[in-house]
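This briefing goes through one protein model, from a helix end to the chain as a whole and then to a few individual residues. Please keep the structure in view while reading.

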Amino acid sequence: MKKVSVIVPVYNTEKYLKRCLDSLVMQTLDDIEIIIIEDRSPDNANEILKDYEKKYKDKIKVFHNKTNKGIGYNRNFGIKKASGKYIGFVDSDDWVNETMFEKMYDKAEKGKLDLVLCNFHKMLEKEDGALEELQSTDILSFNNGMLKNMPNLLLDVELAPWNKLYKKELLDGITFPEDLKYEDTIFVLKAMARAKKIGIVDEKLNYYLVRNKSETTIMDKKVYDILTITKMMLEELKSHDYYDDIKEYVEAMTIRNLFRYTLQQKYQKDKNIKNDFIDKAFDYLNKEFPNWKRNSIWRKKNVLKRMIEGNRILTKFYCFIF
């Protein structure tokens, strides 16, 4: 058994791939395996992977899909192939500090943790290719515990898989949806909800790249998937006996997640989808949490922001003028 398996799906990231792979093969943790799933990438990524696989044959395993499968399938495939006691995920346009997996592994072992997080750098790629770190005051720090006792994690933790280390047993029964967008969210939420003990390495060890023309700002009919994902998240949280103790945070998380995408309809080119999605998001929120406007956490937000995002007519107007 390896100490850590790192899963890296690769698709159309030739420009960034060497930086990502270099950061992984130089990890200070011994006994690590790097599982790469090449998803029929149309660029020169395959040639780069051949070189690295040959040079680092004791660390790198490359699998090639016969057809493009998507990131959810690739990550699930990687989990099945992983032999590590712990599993991590790295996106092939991101990179990591060379000590990241050693520090997270040591933290997990010493604290007997199911899930370990670290803080991260958020790097903006400018049009000329230069990188600029986006400043953020949201530095996460907490004592070891579980979601029941730390419900603020629902709001504070980035629901993405790449700055986390998971005990492999924790992922039994947890998979990435393969036919839905925003598949990261439900995967991480389930892991957090089921972990008996969560900890953090309070250092920025991951470099998350915000690319030009990022998929996060591309709006089409797949935006409806966030409604399905939100339902799955609530079903997971309601299945735990501590749900009533954290309901206020669950409600606040749902408000935030839905309103993030209603406001992003300003990028939606299809007017019918734009208005229909906003209506469906508000209808869902009103059904699940009829008194959501009284949520004490949401009410701490700026009054003007609450006025806009909390009113479907003003939301539609905002998305129309911007």
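Which residue caps the N-terminal end of H11? In this predicted model, the cap is Asn 311, which places a side-chain oxygen 2.9 Å from the backbone nitrogen of Ile 313.

**Helix H11**

- Helix H11 spans residues 312-321, and its buried residues are Thr 315, Tyr 318 and Cys 319.
- Because these buried residues fall within an arc of 95° when seen down the axis of H11, they line one face of the helix.
- The face of H11 that is turned away from its buried side carries Ile 313 and Phe 320, both of them exposed.

**The chain as a whole**

- The protein chain is made up with eleven helices and nine strands, and 51% of its 322 residues count as buried.
- For 322 residues, a compact globule would have a radius of gyration near 20 Å, and the protein chain, at 20 Å, agrees with this.
- Taken along the principal axes, the box filled by the C-alpha atoms is roughly 60 × 40 × 35 Å.
- Among contacts in the protein chain with a separation of 6 or more, 81% are accounted for by residues 24 or more positions apart.
- The accessible surface of the protein chain comes to about 16,200 Å², and 47% of it belongs to carbon and sulfur atoms.

**Leu 147**

- Leu 147 is found in the loop between strand S7 (131-133) and helix H5 (153-156), and it counts as buried because its relative accessibility is 0%.
- When residues up to four places away in sequence are not counted, Leu 147 touches Leu 153, Leu 154, Met 192, Ala 193, Ile 198, Leu 237, Tyr 242 and Ile 246.
- Leu 147 and Val 210 are 63 residues apart along the chain, and their C-alpha atoms are separated by 28 Å.

**Cysteines**

- The structure holds zero disulfides; Cys 20 is in none, and the nearest cysteine sulfur to it, that of Cys 118, is 14 Å away.
- Seen from Cys 118, the closest cysteine sulfur is in Cys 20, and the 14 Å between them is too far for a bond.
- Cys 20 is buried with a relative accessible area of 0%, and Cys 118 is buried with a relative accessible area of 2%.

Technical notes. Residues numbered from 1 in each chain as written. Predicted model: local features only at pLDDT ≥ 70, side-chain atom pairs only at ≥ 80, totals over all residues. Heavy atoms only, no water. Buried < 20%, exposed > 50% of the residue type's maximum accessible area, 1.4 Å probe, protein only. Helix = DSSP H or I, 4+ residues; strand = E, 2+ residues; numbered from the N terminus. Arc of directions from axis to C-beta. Polar contact = N/O pair within 3.5 Å; in protein donor to acceptor, adjacent residues only side chain to side chain. Rg over C-alpha atoms; globule rule 2.2 N^0.38 Å. Contact = heavy atoms within 4.5 Å. Areas by Shrake-Rupley, 256 points an atom, 1.4 Å probe, with all protein chains shown as cover. Disulfide = S-S within 2.5 Å.
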